[in-house]
Amino acid sequence: MQMKPKDQSTVTMKTKRLTLREFHDSDLPAVHAYAQDAETTKYLEWGPNTLKETTVFLNESLGFQKEQPRVTFDMAIIVDGDQKLIGACSVTILDKKKRISALGYVLHSKAWGQGYATEAANALAKFAFEELGMDKILATCDAMNLASERVMQKIGMRKESELAKDKFIKGMYRDTLVYSLDQATWTALNASADTVTD
Ligand SMILES: CC(C)(COP(=O)(O)OP(=O)(O)OC[C@H]1O[C@@H](n2cnc3c(N)ncnc32)[C@H](O)[C@@H]1OP(=O)(O)O)[C@@H](O)C(=O)NCCC(=O)NCCS
């Protein structure tokens, strides 16, 4: 699939209950609400954040919007009902020639368990394959992060490898699971992300 010649500085994805949109300056308090939460960040290499660290993250994300060509799509996750920002997700092009990109997601712990991450991850996969023309998407998680692994499985990803003690996070060595999904399998699965991008 060819990259569509459309403006990629302002991407929006819609799912049944969520809008994934570009970050704004004014998102800082909502981003910091999840980024400073110890439960939210317990399996992550970063966090819990200081306000300064969250500000650096947000400024980086805002900077990515100006990339030409765009490599990183950091998106805020907004619940349509109350317009609350509950987390972030991303697509990053790792290898443009091989058409490989990585997905990521983080939700405030108060928003867990409602299927939001699966909904967002499906939209990211659809965007990566159908808008960016990727052939393969990758995602990784701490082997103890069962919820994250389940999200990867639910969008059709399959375990590719397990890296033993490759990270030292929050005082202990961690194993990393590497999951992937190729475009042909995605198409065959005909995943119904019910997403529209503009
Ligand atoms: C991982 C994360 C994004 C999941 O968000 P979520 O909105 O709760 O995910 P969903 O509700 O879409 O799906 C979670 C699935 O994991 C399952 N799950 C949750 N906790 C689990 C556990 N401890 N053991 C096994 N399965 C678990 C849920 O039952 C659900 O699966 P099901 O629909 O088959 O029942 C969220 O926990 C999070 O933000 N964690 C912190 C950041 C993070 O770890 N990000 C991933 C980095 S690799």
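**Figure 1. Strand β3 and its antiparallel neighbours.** Strands β3 and β4 run antiparallel and are joined by seven bridges; strands count as paired if DSSP finds at least two bridges between them. Helices (H or I, at least four residues) and strands (E, at least two) are DSSP runs, numbered from the N terminus. The model shown is a predicted one, in which local features need pLDDT of at least 70 and side-chain atom pairs count only at pLDDT 80 or more, whereas totals for chains, interfaces and linings use all residues. Residues are numbered from 1 along each chain as its sequence is written. Five residues lie between β3 and β4, which form a hairpin, and Q83 in the turn has a positive phi of about 65 degrees. Strand β2 (residues 18-22) also pairs with β3 in the antiparallel sense, over five bridges, and L18 stands opposite V79 in β3. Of the eight residues of β3 (residues 72-79), six are buried. A residue is termed buried if 20 or more other C-beta atoms lie within 10 Å of its own, exposed if 12 or fewer, and partly exposed in between, with C-beta atoms placed from the backbone.

Figure 2. Strands β4 (residues 85-95) and β5 (residues 100-107) run antiparallel and are joined by eight bridges. Within this pairing, L107 in β5 is the bridge partner of G87. The two strands form a hairpin with four residues between them, and R99 in the turn has a positive phi of about 60 degrees. The pairing of β5 with β6 is parallel and extends over three bridges, with I100 opposite K136 in β6. From β5 the chain crosses through α3 to β6 in a right-handed β-α-β crossover; right-handed here means that, with the strands pointing away from the viewer, the path from the first strand over the helix to the second runs clockwise.

Figure 3. In α4 (residues 146-154), the residues S148, V151 and M152 are buried. These residues are on the same side of α4 because they cover an arc of only 100 degrees around the axis, the arc being that of the directions from the helix axis to the C-beta atoms. L146, A147 and R150, on the other side of α4, are exposed. The buried residues are covered by elements including α3 (116-131), β6 (136-142) and β8 (172-182). G156 follows α4 and has a positive phi, near 100 degrees.

**Figure 4. The largest nonpolar core.** This core has 47 residues, and those with the most contacts inside it are I77, A120, A121, L124, A125 and A128. The largest share of the core, 10 residues, comes from α3. A nonpolar core is a set of buried Ala, Val, Leu, Ile, Met, Phe, Trp, Tyr and Cys residues joined through C-beta atoms within 7 Å. In soluble globular proteins, nonpolar side chains tend to be buried together. Leaving aside neighbours within four places in sequence, A121 is in contact with L103, Y105, V151 and I155; contact requires C-beta atoms, placed from the backbone, within 7 Å.

**Figure 5. Y179 and D182 in strand β8.** Y179 is located in β8 and counts as buried because it has 22 C-beta neighbours inside 10 Å. Not counting residues up to four places away in sequence, Y179 touches A139, M152, M157, R158, K159 and E160. The C-alpha atoms of Y179 and G156 are separated by 9.6 Å, and the two residues are 23 apart along the chain. D182 is likewise found in β8, but D182 counts as partly exposed, because its C-beta neighbours inside 10 Å number 18. Apart from neighbours within four places in sequence, D182 is in contact with D135 and K136. D182 and E22, which are 160 residues apart in sequence, lie 26 Å apart in space, C-alpha to C-alpha.

**Figure 6. The protein as the setting of the close-ups.** Five helices and nine strands make up the secondary structure. Buried residues account for 33% of the 198 residues. Among contacts between residues at least 6 apart in sequence, 61% join residues at least 24 apart. Along the principal axes, the C-alpha atoms fill a box of roughly 40 × 40 × 30 Å. The radius of gyration is 16 Å, which agrees with the value near 16 Å for a compact globule with 198 residues; the radius is taken over C-alpha atoms, and the globule rule is 2.2 Å times the number of residues to the power 0.38.

How values were computed:
Contact = placed C-beta atoms within 7 Å.
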